[in-house]
Amino acid sequence: MNYPVWEVSFGAGFLIAAVGILHVFVSHFAVGGGLFLVLTERRARRNNDQALLGWLKAHTKFFVLVTVVFGAISGVGIWFTIGLIGPTATSNLIHAYVWGWAIEWVFFFVEITAALLYLYGWEKLDARLHEWYGWIYFIAAFLSMVIINGIITFMLTSGNWVKTREFWQGFFNPTYFPSLAFRFAIALALAGIYALITASVQQDAALKARLVRWSACWIVPALVVLPALGWWYIRWIPADVWVNARGPMPTATHYALFAVVLVSVTFVLALLTLVRPGRMHLAFSLLVALVALGAMGSFEFVREAIRKPYVISKYLYANSLYAAKMPGDGGFSVDEVNANGILKAAKWISQRDLSKGDQAMVGREIFRVECESCHTTDAYRGVKHYLALRQWDQNKMQAMLGGLDLMHNGVMPPFAGTDAERAALAAYLNTVHPVSAEAAAAASDGQAVFDQNCSMCHRAKAGEPLFKELPRDSTAAIKALKDLTGLFPAMPDLKLSEPQRVALVRWVDTQRPVKGSGSAAPGGSK
């Protein structure tokens with residue numbers, strides 16, 4: 001089955017990221033904050049600390065407003081967003097884990113009920129029963145995380161589920177336990193970070209100091225153990241998944257660096273709150289929360305990046321094409337679409353006749369179906385900017401589209417469709433950023449030729465096949481580049497001009513190691 005395409009002008013992926021990151025930043029607080037409430041209440045009652053109880057009562061209201069109200073609304077927003085942007089993936093997750101979702105919704109109902117009873121029970125319930133409602137809330141919230149974590153990690157590392165379709169094999173997948181521990185540590189840190197916000201507005205300096213120190217006791221230890229848990233998480237990500245984080249498209253590596261830096265800054269800021277805790281301002285607590293939000297968002301971007309080109313690992317591509325033919329796929333698997341054409345398989349398109357309509361108009365429809373789940377024309381992940389860098393004419397574009405799954409470390413699905421449909425998509429892309437054949441052949445600098453035609457798949461380093469397999473004799477190398485598919489069968493059939501081939505060979509020679517030494521020639525590898 002396939003669904004209509006919901007066009008988001010500024011980028012479907014950006015919308016999911018914005019809604020999702022805000023929600024997880026609150027939903028993790030809902031777990032850690034629940035434990036924070038009951039342990040703080042027990043601490044206050046044991047010490048007969050009325051000032052702490054008074055603050056905790058106000059903090060509970062803040063907690064309920066953030067987690068139950070905003071958390072519930074943003075949670076519904078996620079379902080609404082993914083249901084429109086990725087309906088095939090959403091449908092598959094529901095069908096594969098219908099009982100998991102049902103159990104999670106029961107836990108969520110218990111969470112809401114217990115949270116409201118805890119809030120309104122401050123004046124009406126005895127202390128013991130009130131604490132029990134807090135414990136019920138925390139246990140339900142944690143079990144909700146236990147369920148959702150299994151489904152989220154399944155999307156990244158589906159394990160043997162693709163072969164067996166067994167619920168538990170997909171649920172307890174390779175990254176399940178590392179991810180659960182990692183996320184719970186985040187939840188504990190966020191409990192303290194959110195507590196800093198309400199602590200910072202207290203007028204009593206002595207109370208504020210005690211609250212800030214208590215909040216730091218949650219933040220600092222959680223962030224100390226986070227790197228070890230992150231390393232455990234990474235160790236269980238299969239090598240063929242993690243490889244997408246490196247090479248010509250190191251998106252995950254970049255965001256991982258951001259996450260490390262922002263977590264470190266959060267840690268330092270948390271320590272700084274202890275310098276003069278009684279004088280901490282609201283602005284500083286909001287700064288801590290903002291930096292933590294950036295760290296959380298970076299982590300989620302890493303998880304999304306290394307999952308590419310799939311939305312469900314080894315099963316469903318990001319553009320809703322199934323990786324292999326299976327019952328109920330609606331003819332929307334890569335092999336079936338290659339055999340029959342995307343224009344025949346896709347049900348929700350208005351231009352499907354290549355013999356009558358404008359080729360570029362039909363190509364626009366193909367772009368909507370196969371590309372818009374990740375790309376826009378000129379906004380988030382816009383292809384216009386990318387095409388401007390590459391300077392491909394229509395013929396070169398058509399050739400390059402045949403190797404999408406090989407580009408940038410394989411982060412994109414393969415193009416699925418007939419040769420005529422691939423030509424139509426190339427025609428449309430050439431209207432997004434028109435390039436003439438003369439302009440495409442104009443590059444005469446060797447590095448420019450490499451950047452425009454080779455860098456999508458190859459890196460400028462000695463170990464690359466291009467540098468190892470291309471003949472060292474310049475004349476032979478120039479001749480070999482006439483037939484790229486003969487040199488590397490998986491390569492697109494690009495037709496470089498004679499001056500381009502000469503310039504490329506000369507530049508490649510400058511990047512190769514000098515014979516008899518382990519170092520690169522001047523201007524060496526990047």
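## Basis of the description

A residue is called buried when its relative accessible area is under 20%, exposed when it is over 50%, and partly exposed in between (1.4 Å probe, protein chains only). By that rule S320, at 14% relative accessibility, counts as buried.

The model is predicted: local features need pLDDT of at least 70, side-chain atom pairs count only at pLDDT 80 or more, and totals for chains, interfaces and linings use all residues. Residues are numbered from 1 along each chain as its sequence is written, and side-chain values use heavy atoms, with hydrogens and water left out.

## Backbone features in loops

Helices (H or I, at least four residues) and strands (E, at least two) are DSSP runs, numbered from the N terminus. S320 lies in the loop between strand 2 (316-317) and helix 13 (334-340). Its phi is positive, about 75°, although S320 is not a glycine.

N48 also has a positive phi, near 50°, and is a residue other than glycine. N48 sits in the loop between helix 1 (12-46) and helix 2 (50-85). With a relative accessible area of 56%, N48 is exposed.

The peptide bond from K308 to P309 is cis, and its omega is near 10°. P309 belongs to the loop between helix 12 (282-307) and strand 1 (310-312).

H23 is in helix 1 and is buried, with a relative accessible area of 16%. Contact here means heavy atoms within 4.5 Å. Not counting residues up to four places away in sequence, H23 touches G71, S74, G75 and I78.

E41 is likewise placed in helix 1. Its relative accessible area is 0%, so E41 is buried. Leaving aside neighbours within four places in sequence, E41 is in contact with L53, L56, Y118, W122, A127, H130 and E131.

## Nonpolar cores

A nonpolar core is a set of buried Ala, Val, Leu, Ile, Met, Phe, Trp, Tyr and Cys residues joined through side-chain atoms within 4.5 Å. The largest has 90 residues, of which Y97, L190 and Y194 touch the most other members. Helix 8 (residues 176-199) gives the most to this core, with 16 residues.

A second, separate core of 56 residues includes F367, M412, A426 and L496.

## Packing of helices 9 and 11

The axes of helix 9 (residues 205-235) and helix 11 (residues 251-272) come within 10 Å and cross at roughly 150°. That makes helix 9 roughly antiparallel to helix 11. Axes are lines fitted to C-alpha atoms, for helices over the stretch in contact, with angles from 0 to 180 degrees between N-to-C directions. Angles under 35 degrees count as roughly parallel, over 145 as roughly antiparallel, 65 to 115 as roughly perpendicular, and the rest as oblique.

On the helix 9 side, A216, I219, V220, L223, V224 and L226 meet V263, T266, F267, A270 and L271 of helix 11.

## Cysteines

A disulfide is taken as a pair of cysteine sulfur atoms within 2.5 Å. By this rule the count is zero. C454 is in no disulfide, and the nearest cysteine sulfur, that of C457, is 8.8 Å away.

C454 is buried, with a relative accessible area of 9%. C217 is partly exposed, at a relative accessible area of 48%.
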